[in-house]
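Hello,

Here is the structure we spoke about handing over. Please have it open while you read; my notes follow below.

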Amino acid sequence: MPDQVLFAMEVTLNGLMAGVLYALVALGFVLIFKASGIFNFAQGVMALFAAMTLVGIMEGQVPFSHLINATFGTDIHHFGWQVPALLAIVLTTGVMVVLAWCVQRFVMGHLVNQEPIILFMATIGLAYFLEGVSDLMWGSEIRTLDVGLPQGINETIDAFTYDLFGYGFFIDNLDIVASVIAALLVAGLVVFAQYTKQGRAMRAVADDHQAALSVGISLNFIWVLVWSIAGFVALVAGIMWGTKSGVQFSLSLIALKALPVLMLGGFTSIPGAIVGGLIIGVGEKLFEFLLGGLMGGATENWFAYVLALLFLLVRPQGLFGEKIIERV
Amino acid sequence: MTKKLTTLALGVMLAAGPAMADLVFPSLSYRTGPYAAGGIQFADGYADYLTLLNERDGGIGGEKIRMPECETAYNTEKGVECYESTKGEGALVYQPLSTGIAYQLIPKMNVDKIPMLTSGLGRTSSKNGDVFPYVFNFPANYWDGASVIVKHILDQEGGDLNGKKIALVHHNSAYGKEPIRTLEALSEKHGFDLTTIPVDHPGQEQKSQWLQVRRERPDYVILYGWGVMTPVAVQEAANIRFPMDKMIGIWWSGSENDVLSAGAAADGYKAVAFHNVGSDFPIYDDLKEYVYDAGKAAGNGDQHGTTIYSRGLYAAMLVAEAARTAQEMHDTKAINAQQMRDGMEALEITEERMTELGMPKFGPEFKVTCRNHGGEGYAAVTQWDAKAKQWTLITDFIQSDQDIVQPLIEEDSAAYAAENNIPSHCD
């Protein structure tokens, strides 16, 4: 088989894996938008906040220690213990639930029935607030996140493809793990939405707020639930991306990778986020491989948006989005 | 009544206004935003050195130092706002740790007649003081960095790079593209093949770039990254099993922030530096006594000895020495910005002086002149020891290939002078 075909196959596989990571971020946006019509600008910062909290808990760091020391003249930084990764993930999930409750109680709860643009603006404020709180709570240093996920080339795939084609494909173990976790996450969300009381209530709210209220569903509870789930998804995304690059401010910028996925897949569809992620991942990687050299390289960031816009020309609501028809 | 109000207003102005006799070194720092990790370290080092001079020596030449700090978040617009809001305080010199801010400030410096030091960053051709009288970039610039890296590779390859492949993985920005011309000229001179591989900001996702490296199998990778781009690049290089000792970063890709997250995989990674690293210098004894233990350390006081903290210390030492030179030249303690510029242009850093300052072999020796605002272009190679978690200098300071770098500087600065009708400063 010609080398270029083998390289293209390798690029496609890696694009699929990258797409799963994009989809992980997009999923958080979809959950909140679907249930409450809010485009959550703070989703990327939530991933940063979740990852920083996770590392802070694992390392036994005292939250707000710099603030405490500056105020009271103390010199405390750590509790002196280390928390195992699994327990730290559970505790961080708890923190994200508390954050969800706070968001609903102090921000969104006051903005019920407001225009979508006002809700969107509120999430911009929330993003800046969370950025500041993350820094204040855990510091600005780059942290190493090690929850035991494997990284590096997958030897089995390398050896298998080498035997088959005479060229070993590179697939990162972390990407494989991310794909498995994303698949489990989506399956779990589908089961939750289809077969649990709260999940059905969540779907009812997503379909029609007023109808859901009329049958006794608590909007407040559902929104706290949705923000909590989005917080958990942000934690998973934060773990995956944070393991690759360390936990640092730039983690909040991964939201930029989710936007074309949402445009393509639709803002209201969980399968849309997954399929959109895969199309963007493969599309941008193949374009960079085939034509990037002719255009000076680094085409991925803008090509993802071009690809999404091309899809929008054909399906303005996205691949799986709901077609909204408003009649006068 | 009017008289009372006027007196009161005057009193408030006098109380609130800056003490003009102080030596003012504004710090355009970034302790927030995507590049905060490096920004904090530099700002802390810069502040701690100046605090040491105040606490130990009563300032410079007996004149106290004041350092108004302004947060830029590495944002060019905010950086310019910071400059505008602090220049009226009697600012003597600016050191924006950002090429973007530096580019915006270059034309302003000529108008406001305040000097700027952009060590290892900014517009490379501002080394030509004949065209850029208020901009200095000693002791080394981006092109020096690229040339020193190639010299090190030459050394590793026994002096012959014919047929070798070198890939430049760079931030897709003005900063990241800076070394391309130099490397192209060096590639012609030494016969190596150069491939340039850009990475878009912020550089969180680099799979395509490293698959390309894996396919093309370069012998060496030169890395011009900043922020999250570098740790991701180091991790991806480790993932494809690229030998770490054949990957060499510029100084903005050579701090602890860039390698710690990759853990043991980053062991052996190299980067050039225009100053020494670590805390094994006598100055740290004084810093401990007068700054750290006295509770006067900047920030959280937890960055001492890191690479970029050392860069901040070094940057502060350079401007303090320039201020001292200016005081001697103009026979006054309370120098102004123009006198400070003269001091920078007459600055000479010798090993003897660095030893006196408690910083022996901390940086290269150099002498600034009217036409040469950038020193002699010396940098050393450092290497990361993942087990000890420290950078170590593994070479002496090496001079860049001036036969390649200097003509490029002349050409670029001449074009800038023609474009902006800038008369010769030195003739």
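**Where the two chains meet**

In this model, 42 residues of chain A are in contact with 35 residues of chain B. Please keep in mind that the model is predicted. Together the two chains bury about 3,200 Å² between them. Of that area, 53% is on carbon and sulfur atoms.

Charges also meet across this boundary. Side chains of opposite charge can pair when their charged atoms come close. Between chain A and chain B the count is seven salt bridges. One pair to look at is A:Asp175 with B:Lys207. Their closest N and O atoms are 3.3 Å apart. Both residues also belong to a network of salt bridges. The network links A:Asp172, A:Asp175, A:Lys244, B:Lys207 and B:Glu236.

**A loop residue in chain A**

Next, go to A:Ile171. This residue lies in the loop between helix H6 (155-165) and helix H7 (173-195) of chain A. Is A:Ile171 buried or exposed? It counts as buried, because its relative accessibility is 2%, and the cut-off for buried is under 20%.

What is A:Ile171 in contact with, leaving aside its neighbours within four places in sequence? The list is A:Leu13, A:Asn14, A:Met17, A:Gly152, A:Ile153, A:Asn154, A:Ile157 and A:Ile176. For a distance check, take A:Thr156, which is 15 residues from A:Ile171 along the chain. The C-alpha atoms of A:Ile171 and A:Thr156 are separated by 9.7 Å.

**An enclosed helix and a nonpolar patch**

Now helix H11 of chain A, residues 255-265. Eight of its eleven residues are buried, so H11(A) is largely enclosed by the rest of the structure. The buried residues are A:Ala255, A:Lys257, A:Ala258, A:Pro260, A:Val261, A:Leu262, A:Leu264 and A:Gly265. What covers them? The cover includes helix H1 (3-36), helix H2 (43-58), H12 and H13 of chain A. After H11(A) comes A:Gly266, with a positive phi near 95°.

Chain A also carries a nonpolar surface patch of about 950 Å². Its residues are A:Leu290, A:Leu291, A:Leu294, A:Met295, A:Trp302, A:Val306, A:Leu310, A:Leu313 and A:Val314. Two elements give two or more residues to the patch: helix H12 (270-291) and helix H13 (300-314) of chain A. H13(A) gives the largest share, five residues. A:Trp302 is found in H13 of chain A. With a relative accessibility of 39%, A:Trp302 counts as partly exposed.

**Salt bridges within chain B**

Over all chains, the count comes to 35 salt bridges. B:Asp44 counts as buried, at 1% relative accessibility.

B:Arg31 also forms a salt bridge with B:Glu69, the closest N and O atoms being 2.6 Å apart. Here the two residues are 38 residues apart, and B:Glu69 is in strand E4 (residues 69-71) of chain B. B:Glu69 is partly exposed, with a relative accessible area of 37%.

One other pair is B:Asp57 with B:Arg56. Their closest N and O atoms are 2.9 Å apart. B:Asp57 is partly exposed, at 36% relative accessible area. B:Arg56 counts as partly exposed too, at 27% relative accessibility.

**Strand pairing in chain B**

Last, look at strand E14 of chain B, residues 378-385. Which strands pair with E14(B)? Strand E11 (residues 270-273) of chain B runs antiparallel to E14(B) and is joined to it by four bridges. In that pairing, B:Ala271 stands opposite B:Thr382.

Strand E15 (residues 390-393) of chain B is also antiparallel to E14(B), again with four bridges. There, B:Gln383 has B:Thr392 as its bridge partner. E14(B) and E15(B) form a hairpin with four residues between them. In the turn, B:Lys389 has a positive phi of about 55°.

Strand E16 (residues 398-399) of chain B is joined to E14(B) by two bridges, and these strands run antiparallel. In E16(B), B:Gln399 is the bridge partner of B:Tyr378.

Best wishes

How values were computed. Residues are numbered from 1 along each chain as its sequence is written. Chains are lettered from A and ligands numbered from 1 in the order in which they are written. This is a predicted model: local features need pLDDT of at least 70, side-chain atom pairs count only at pLDDT 80 or more; totals for chains, interfaces and linings use all residues. Side-chain values use heavy atoms; hydrogens and water are left out. Two strands pair if DSSP finds at least two bridges between them. Patches are made of residues with over 30% relative accessible area and no salt bridge: like charges are joined within 9 Å, nonpolar side chains (Val, Leu, Ile, Met, Phe, Trp, Tyr) within 5 Å. Accessible areas come from the Shrake-Rupley method with a 1.4 Å probe; for residues, only the protein chains shown count as cover. A salt bridge is a side-chain nitrogen of Lys or Arg within 4 Å of a carboxyl oxygen of Asp or Glu. Buried means under 20% relative accessible area, exposed over 50%, partly exposed in between (1.4 Å probe, protein chains only). Contact means heavy atoms within 4.5 Å. Buried area is the accessible area (1.4 Å probe) that two parts lose on being put together, summed over both.
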